[in-house]
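Visitor: Here is a model to look over. Could you walk me through it?

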2 protein chains.
Amino acid sequence: MTTSLEPTVVTGPDEGAQPDVREQVTRVAQRAKAASRRLANANRATKDAALLAMADALVAQADRIVAANAQDVARGHAAGLTPGLLDRLTLTDARIAAIADALRELAGLPDPVGEVVRGQTLPNGLRLRQLRVPMGVVGMIYEARPNVTVDAAGLALKSGNAVILRGGSAAASSNAVIVEVLGEALEKRGLPGALVQSIDAWGREGAVELMQLRGLVDVLVPRGGADLIRTVVREATVPVIETGVGNVHVYVDETADLAMALPIILNAKTQRVGVCNAAETLLVHRAVADEFLPAAIAALADCGVTIHGDAATRRLAPEEADVVAATDDDWATEYLSLDLAVRVVDDLDEAIEHIREWSSGHTEAIVTRDLAASERFVAEVDSAAVMVNASTRFTDGGQLGLGAEIGISTQKLHARGPMGLAELTTTKWVVHGDGHVRP
Amino acid sequence: MTTSLEPTVVTGPDEGAQPDVREQVTRVAQRAKAASRRLANANRATKDAALLAMADALVAQADRIVAANAQDVARGHAAGLTPGLLDRLTLTDARIAAIADALRELAGLPDPVGEVVRGQTLPNGLRLRQLRVPMGVVGMIYEARPNVTVDAAGLALKSGNAVILRGGSAAASSNAVIVEVLGEALEKRGLPGALVQSIDAWGREGAVELMQLRGLVDVLVPRGGADLIRTVVREATVPVIETGVGNVHVYVDETADLAMALPIILNAKTQRVGVCNAAETLLVHRAVADEFLPAAIAALADCGVTIHGDAATRRLAPEEADVVAATDDDWATEYLSLDLAVRVVDDLDEAIEHIREWSSGHTEAIVTRDLAASERFVAEVDSAAVMVNASTRFTDGGQLGLGAEIGISTQKLHARGPMGLAELTTTKWVVHGDGHVRP
């Protein structure tokens, strides 16, 4: 996708790459690094004041932002974006007010920077502290959702980092104005505007350059669908935190309280559909399938859910229900829609085996009354979050009490599961001696 | 480099890649993943017993290992390896005993797996625990040092992980026998031998395949020189922890106790030369350069150190000292030898600026009596470890009380500075409810 904001890039006749883009994105990153140094040791009061100023500026300039957004929305209409994407793209005064409120809430959260993670005095008298410090420069690559622009800027600021933003090109006009408004607010508060910069103007090529600025960019957080994340993982030399793909399972065990299991799967599937912690596959123990599935399928159908069932499931479905035959594609799919794959399994082992084969490692739940079964499920399911007798929808920074959330990591390095402000920091060992040398 | 152990690889006429290697390395990783599942929930007693059995087996089979090692050493001689590399490659009965003792020490360390990192009961009654769990499969890529083979196997086992090893091909014969001995010891203890596997047989191509087994391999730890690490960062799609490049600085401030500064720089430069926490550049405040540098250069020269000095340093050097002119290359170089770059700086700002420009972010030290200077240095130097009035040689897992050390991370993601057993683990959220659904 290209946008009207993309500059004409002139390449030399013998050049495969486009040196301008590399040079310009590198310059953006250098400005970000310099700005991050000024922010790294800012105290909480300074950062919170800036967050409040950013919130106020967004509200004050809502007209400008809505006008720019209208251009994006018009372009999106013309390009045939789905209603769901258009809805996520659209800003109104009320939505801008809500986005600004999220910044104000961030101001209320504790500052992760400066926390002493551990410390001790060694037998030789060396005094050790491991301190939480900002990463430096965070790169965010995301899709056409202008609220993420503000969110990412706020989270980066509060955790002491500069941020470089690459939003979906469909939101380029909105993002350009938002970044300008946030930068002005920062400058008014005596902080560098370069703490929040966008590279949308350099399109996909700029994004690829960003992914390779190892040394200048400290971490990349892609936020979006599986394709986006795969691209970033493939192209990046900068360390990446993979987020958000959730092929999420609910397993109803032999001993499950079926009156508990039904609301859990309904909630997990239908409470909100297009999110990564929504259930995509239901596994049911054969011993309770006869009793559970007909009613569960009817209830799910009442909520508009299409069931993709294995043979055993299809046999148990009420005649009026809309059940299609499941294939391996269904086990692999994160629907993000009112669809649910359903399979009857012989036992806990088969449930765990199915999850091992198909899960994306985000969240899985077991509904059971059996202690040993719950313990085996918790121990053997290798996912970021494992729920016992609770909806998968609780895998969320806000729900788990972490405060703001940058995303949900499905990788094992650095952060796993919901990421709060602390996950945008690193640590530094500080060692004080009195002339200590190593014997 | 190829070794006699590399199989003949047959490629189809139209194939650029060699499907055999990919297939075979993938199979190794699948076996490792399956083995890791059996280990993930093993208790400490099981793992410690296996470590002791591995240690005993190495000692019992020292003859076989030394014989295989002799082949590597002979090949190394013929290939003209440097004396330093040959020394690191060579195994003797005494060295094998020391390597085995390191495994026994690992058995004495606490088990990181199962630690509750945080936990609480939420207002809605959900019970949360964030538990430390193994990564799964760890890939280690390192140079021709057979002791690292054992080390890596032991650290991985203790932290509940399977390991896939790719050692330098110059140590292939030694590594093949060591991996066989360790595997037999594991099997005797009822654990899968596939917990410790080598892919040396598939050469460099196998190593590149390993780097791209995202999903099967959970983390890659390259251990070696800058070239090795650059290659891994470029080729890998598996998350990487970058280790060990140390362009390390010692700054002697205006107010330094010069009687303390001299032993610190001598220790940092000469106590052990070929290690990542050894000093490579000395920065001296102009106000104390006249008093400090002549004596310091003489003392360093007495230890055989060649000084690469800027103009001010060269003017202050005693006539008999061996001082060559420093260029930007010297500021950038991790010598790992009896060489030291020396520069006179105008003030703390210039020292910090020099470090920002040239440091690899490993360790820097300040020698000062001024509290404000020490605080600025600690706050503004963005390195894994910052020392005040202590030698840089303390950046070491053993010295900082972390127990065993896998390496020293110079990246900010996941781990920074010395990495102990905990850094080979990740976490898992375990959430217990009573039918909780999200409102």
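**The interface of chain A and chain B**

Guide: The side chains of R214(A) and E242(B) form a salt bridge, 2.2 Å from N to O. The term covers a side-chain nitrogen of Lys or Arg within 4 Å of a carboxyl oxygen of Asp or Glu. This is a predicted model, where local features need pLDDT of at least 70, side-chain atom pairs count only at pLDDT 80 or more, and totals for chains, interfaces and linings use all residues. Residues are numbered from 1 along each chain as written, chains are lettered from A and ligands numbered from 1 in the order written, and side-chain values use heavy atoms, without hydrogens and water.

Visitor: How many salt bridges are counted between chain A and chain B?

Guide: R214(A) with E242(B) is a salt bridge. The count between chain A and chain B is eight.

Visitor: What area is buried between chain A and chain B?

Guide: Buried area is the accessible area (1.4 Å probe) that two parts lose on being put together, summed over both. Carbon and sulfur atoms give 53% of it here. The total is about 5,900 Å².

Visitor: Which residues of chain A lose the most area to chain B?

Guide: Three residues together make up 15% of what that side buries. They are L413(A), W429(A) and R438(A).

Visitor: Which residue of β13(B) stands opposite H432(A)?

Guide: Strands here are DSSP runs (E, at least two residues), numbered from the N terminus. Two of them pair if DSSP finds at least two bridges between them. β16(A) and β13(B), residues 385-390, pair in the parallel sense over five bridges. Opposite H432(A) stands V388(B).

Technical notes: Helix = DSSP H or I, 4+ residues; strand = E, 2+ residues; numbered from the N terminus.
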